[in-house]
Every structure is written in C-alpha cells, then in structure tokens.
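Here is a brief report on a protein model. Keep the sequence and the 3D view open while reading.

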Amino acid sequence: MTSGTVSIDREITSQYQLTVLACQHHASAAAADDDDDDDECAANITRSLSIKVLDVNDNWPVFTTRHPSVTLVSDARRGSRIIQLSATDSDAPATLNSLVSYRLQSASQLFSVDALTGWVTLTESLIDVEEAELTLWVVAEDHGSLVQHASTTDIHIKVLSHQRRPRITEPPNNDTILVTQVHTHRYTHTHTADDASHVTDCCVCELVSRTTDSCLWWFSCVHVSHKIYK
Ligand SMILES: [Ca+2]
Ligand SMILES: [Ca+2]
C-alpha cells in the first residue's frame, strides 16, 4: 500500500479518475518480504473511482478593467449611467464562491453603483461641481459561505464645465439644407425617321441630379446622328 499527499485545485483539475488495485500475494512471498511490491498477485481485483474536487472559496474577484476613467459634463442629467464595471471570480461557477456583487467603498452623494450589474449612476447634479477631478472607489466582493473575498478599484471621473461643451453654430438647428443627389441612372432613347434616307438620332443620357421631390430631373446627354442609305 502506498500513501502520500498531493495538492489539488478545483480551478486546475475538477475531476479525477482513480483505479484501485487490491492484490493478494502468495503466502510464502508475503512471509519473505511484506514490502516487495513486485511480487506477483495470487489474485487481484480493481475498482475505478471518479473523484470530484469540491470547491473552496480561494479566489478574489478580478476587475476586467483596472482604474477606469470617464469624462462627464457638468450638466449631465441626474440618473445618467456613466460606466459599467465588471469583475470575474474563477471559483466554481453558479455558486456563492463566484457570485460577485458591487458596492461603493464609501457612501457618495453624487454616485451609486448597482450591486448586480455594476452600473455606476450619477445621482445628483454636477452643476455646482463645475470642473473637477473625482475619484470613486468601488468594491467587488464574492459571497462565500465561510469566507468572503473582495477587490477594489478606483474610477477616475473628470468633470468638465458644460460651458465647454462643443456647440454647432452653423447651420442653425433644424435648418433645411439643399443637397444634390446624384444617380448613375442611364437610359437610351432612339428616334427613327421614316423617309428614304433614315436619320437616326441616338441619345444616351445619364441622370445627374433631381429635386428631392423628384419633380425635376437633370440629365447629361450625348447626341449621335448619322444617316443610313438604302
Ligand atoms: Ca471567490
Ligand atoms: Ca476555488
């Protein structure tokens, strides 16, 4: 019989297949040397076992983006979502050991974080803040039954004065702008005279523009005339 210790980690190998051999030695050989594993078995039997490694909560949530940063304008609406945080935990899926929730490390009058989705939301007006650079600390924690682990990240939030928001001054808002729509539409039109000497006017035109209501069409045409003698 052999024995020993090995390290096992569910996150590396979650299941093992083990074959156990029970060997009955010859009575004379067993008496000569009980520790000789090379003795032939007088009889043996094997059993296969499947060993499933149970999980322990030995992993910390890991933020997918470390130290994210966002820029806000001071007139951003209250209730605006500003960034979604995400953290993963490599303990057994769908267990409390890997279930991650989010919270602010310290209460904030300006921001909140959704415990399940990780969305950070603006809860107050920033008008009084005007221009500033803020730091918000968010905690991601698992819910292991015996021990819990938590990780923290900071969010760098830059607030710009709404006075600096770019504005479109020309053209005025809701103004109507005329543009030319060009198509590559082609058509061929042919006139044929009915006298003895046929005159054929071939006209190949391209549509170059039209009004938006399609009432007026402009074509660029190339005329070709030649006579055909019988
Ligand atoms: Ca965990
Ligand atoms: Ca684990």
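**Overall make-up**

This is a predicted model. The protein has one helix and 14 strands. Of its 230 residues, 10% are buried. Among contacts with a separation of 6 or more, 61% link residues 24 or more positions apart.

**The three-stranded sheet**

One open sheet has three strands in the order S5-S9-S8, with antiparallel pairing. S5 and S8 stand at the edges with a single partner strand each, so one side of each has no neighbour in the sheet. Neighbouring strands here are turned by 20° against each other on average, direction ignored.

Take the two pairings in turn. S5 covers residues 81–84 and S9 covers residues 119–122; three bridges join them in the antiparallel sense. In that pairing, Ile-83 has Val-120 of S9 as its bridge partner. S8, residues 111–113, also pairs with S9 over three bridges, again antiparallel. Phe-111 is bridged to Leu-122 in S9, and Ser-112 to Thr-121 in S9.

S8 and S9 form a hairpin with five residues between the strands. Gly-118 in this hairpin takes a positive phi near 80°.

**The four-stranded sheet**

A further open sheet has four strands in the order S4-S11-S10-S7. Its pairing is mixed. Strands of a sheet pair through backbone hydrogen bonds, and the pairing can be parallel or antiparallel. S4 and S7 are the edge strands of this sheet; each has a single partner strand, so one side of each is left without a neighbour. From one strand to the next, the twist averages 30°.

S7 and S10 run antiparallel and are joined by four bridges. Tyr-102 has Ala-140 of S10 as its bridge partner.

**The nonpolar core**

Which residues have the most contacts inside the largest nonpolar core? They are Leu-85, Tyr-102, Val-138 and Ile-155, in a core of 13 residues. Strands S10 (132–141) and S11 (150–160) are the elements that give two or more residues to this core. S10 gives the largest share, three residues.

Leu-85 ties several parts of the chain together. Not counting residues up to four places away in sequence, Leu-85 touches Phe-63, Tyr-102, Gly-118, Val-120 and Val-138. Gly-118 is the residue with positive phi in the hairpin of S8 and S9. Val-120 is the bridge partner of Ile-83. Tyr-102 and Val-138 are among the core residues with the most contacts.

**Ala-140**

Ala-140 lies in strand S10. Is Ala-140 buried or exposed? Ala-140 is buried, because 24 other C-beta atoms lie within 10 Å and the cut-off for buried is 20 or more.

Beyond residues up to four places away in sequence, Ala-140 touches Pro-61, Phe-63, Ala-87, Val-100, Tyr-102, Ala-150 and Ser-151. Tyr-102, in this list, is also the bridge partner of Ala-140. Phe-63, also in the list, is touched by Leu-85 as well. Ala-140 and Leu-99 are 41 residues apart along the chain, with their C-alpha atoms separated by 9.8 Å.

**Exposed loop residues**

| Residue | Loop | Other C-beta atoms within 10 Å |
|---|---|---|
| His-67 | between S3 (62–63) and S4 (69–73) | 10 atoms |
| Ala-94 | between S6 (87–88) and S7 (101–104) | 7 atoms |
| Asp-128 | between S9 and S10 | 8 atoms |

Why does His-67 count as exposed? His-67 has 10 other C-beta atoms within 10 Å, and a residue is exposed because its count is 12 or fewer. Ala-94 is exposed with 7 such atoms, and Asp-128 is exposed with 8.

Backbone angles are worth checking here. Most residues other than glycine have a negative phi. His-67 has a positive phi near 55° and is not glycine. Ala-94, also not a glycine, has a positive phi of about 60°.

Asp-128 and Ser-161 are 33 residues apart in sequence, and their C-alpha atoms are 9.7 Å apart in space.

Conventions
Residues are numbered from 1 along each chain as its sequence is written. Chains are lettered from A and ligands numbered from 1 in the order in which they are written. This is a predicted model: local features need pLDDT of at least 70, side-chain atom pairs count only at pLDDT 80 or more; totals for chains, interfaces and linings use all residues. Two strands pair if DSSP finds at least two bridges between them. A nonpolar core is a set of buried Ala, Val, Leu, Ile, Met, Phe, Trp, Tyr and Cys residues joined through C-beta atoms within 7 Å. Two residues are in contact if their C-beta atoms, placed from the backbone, lie within 7 Å. Axes are lines fitted to C-alpha atoms, for helices over the stretch in contact, and angles run from 0 to 180 degrees between N-to-C directions.
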